[in-house]
Amino acid sequence: MTKRLFIFAGYDANGVIDDALLHYVRALSRHGDIVLCMDSDCKKSELDKIKPFVLHAIAVRHGEYDFGSYKRAYTWARDKKILTNYDDIYLVNDSVFGPLFDIKQTLKNMESTKTDATGLVVAHHKTHAYMESWFVRLGKKVFLSQWFDTFIMSVQHEEHKYIITVKYEHGLTNLIQSNGCTWAGAYNVRGRHTYNNPKRLFQHGCPFIKRACFTRHNGAAGAQIRYIMNHIATNIRNAIMTTSNRVYGEKYMCWLMTGNPIRICIRNIKYAFKKLKSGEI
């Protein structure tokens with residue numbers, strides 16, 4: 001049996017371990033060990049919610065985003081000298097909702113690539129491709145290397161998210177490749193497909209949906225989200241909807257999840273005009 005360690009990065013503006021995160025952590029714990037770091041000031045009572053499912057949980061507002069949390073969780077595992085106990089380490093974060101169903105087969109598929117690293121989703125742009133950093137498998141050749149340790153320990157606060165994306169998300173893929181390691185993707189998408197076409201990814205077996213889909217493009221993905229919510233187990237749907245109502249507001253979620261074709265059409269037209277006005281069309 002593959003021994004896995006999930007290095008988990010979380011964030012909540014109010015320092016809450018909510019229903020969606022609790023579901024995610026509980027689901028992962030069935031398939032490996034978890035070290036979690038929240039980029040939030042969580043009370044002990046909040047961290048206690050996930051205590052039964054993790055090896056260790058850290059909560060500190062560091063402002064270094066997901067890679068800063070990866071760094072802290074990895075450092076704890078490294079200093080405890082447990083890294084060599086595992087066949088694979090996964091970098092995962094809560095910028096997604098899920099898993100939408102059991103991920104046992106997904107993990108097997110990622111590990112069956114026989115590469116040194118596997119991104120659940122690899123995004124292909126005109127000039128480059130990279131593993132989206134919210135769910136990445138790293139084999140021993142990567143996570144036990146000195147160059148990976150140097151990379152992850154170099155993570156620091158950056159002023160702009162674009163810099164973080166290029167320096168750390170794209171940078172991780174480039175680093176793996178430049179050190180003679182192989183990598184692949186379980187799902188290969190074009191451009192911003194992960195955000196714009198969640199229904200298609202779900203239908204192809206991807207067990208997550210990006211949270212950004214809920215607010216992106218004037219709610220244009222609302223109908224796709226509604227479809228996904230109608231095709232998952234009730235307990236998972238309830239966990240996601242409870243968190244969504246808290247984070248985005250019940251009024252917004254009611255508007256987003258509408259099945260009224262006229263309202264959906266108006267919403268999409270407004271978005272199209274917005275793109276036209278900005279020169280994107």
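**Salt bridges, aromatic pairs and strands in a predicted model**

Q: What makes the contact between the side chains of R246 and D12 a salt bridge?
A: The side chains of R246 and D12 meet with 2.5 Å from N to O, and a salt bridge is defined as a side-chain nitrogen of Lys or Arg within 4 Å of a carboxyl oxygen of Asp or Glu, so the contact qualifies. The pair links distant parts of the chain, since R246 lies in helix α11 (residues 234-248) and D12 in the loop between β1 and α1, 234 residues apart. Helices (H or I, at least four residues) and strands (E, at least two) are DSSP runs, numbered from the N terminus. This is a predicted model, in which local features need pLDDT of at least 70 and side-chain atom pairs count only at pLDDT 80 or more, while totals for chains, interfaces and linings use all residues. Residues are numbered from 1 along each chain as its sequence is written, and side-chain values use heavy atoms, with hydrogens and water left out.

Q: Which residues are linked with D12 in a network of salt bridges?
A: D12, D18 and R246 are linked in such a network, and the structure holds 12 salt bridges.

Q: What makes K167 and E158 a salt bridge?
A: The closest N and O atoms of K167 and E158 are 2.8 Å apart, which again meets the definition. Here E158 is buried, with a relative accessible area of 11%, and K167 is partly exposed, with 37%.

Q: How many aromatic pairs does a search of the whole structure find, and why is the pair of F148 and F151 described as it is?
A: The search finds 18 aromatic pairs. The ring centres of F148 and F151 lie 6.4 Å apart and the planes stand at 40 degrees; rings of Phe, Tyr and Trp (its six-membered ring) pair if their centres lie within 6.5 Å, with planes under 30 degrees apart counting as stacked, over 60 as edge-to-face and the rest as tilted, so this pair is tilted. F148 and F151 both lie in helix α6 (residues 146-153), three residues apart, about one turn of the helix. F148, at 2% relative accessibility, counts as buried, and F151 is buried as well, with a relative accessible area of 10%.

Q: Why is the pair of F202 and Y227 called edge-to-face?
A: The ring centres of F202 and Y227 are 6.4 Å apart and the planes stand at 80 degrees, so the pair is edge-to-face. Because F202 lies in helix α9 (residues 198-203) and Y227 in helix α10 (residues 222-229), the pair ties together parts that are 25 residues apart in sequence. F202 is buried, with a relative accessible area of 12%, whereas Y227, at 24%, counts as partly exposed.

Q: Why can strand β2 be described as enclosed by the rest of the structure?
A: Five of the six residues of β2 (residues 33-38) are buried, so the strand is largely enclosed.

Q: How do you know that β2 pairs with β1 and β3?
A: Two strands pair if DSSP finds at least two bridges between them. Strand β1 (residues 4-10) and β2 are joined in the parallel sense over six bridges, with L36 as the bridge partner of F8. β2 and strand β3 (residues 56-59) are likewise parallel, over four bridges, and V35 has H56 as its partner.

Q: What makes strand β4 mostly covered?
A: In β4 (residues 88-93), six of the six residues are buried, with D88, Y90 and V92 on one side and I89, L91 and N93 on the other. β4 pairs with β1 in the parallel sense over six bridges, and five bridges join β4 to strand β8 (residues 135-139), which runs antiparallel to it.

Notes
Buried < 20%, exposed > 50% of the residue type's maximum accessible area, 1.4 Å probe, protein only.
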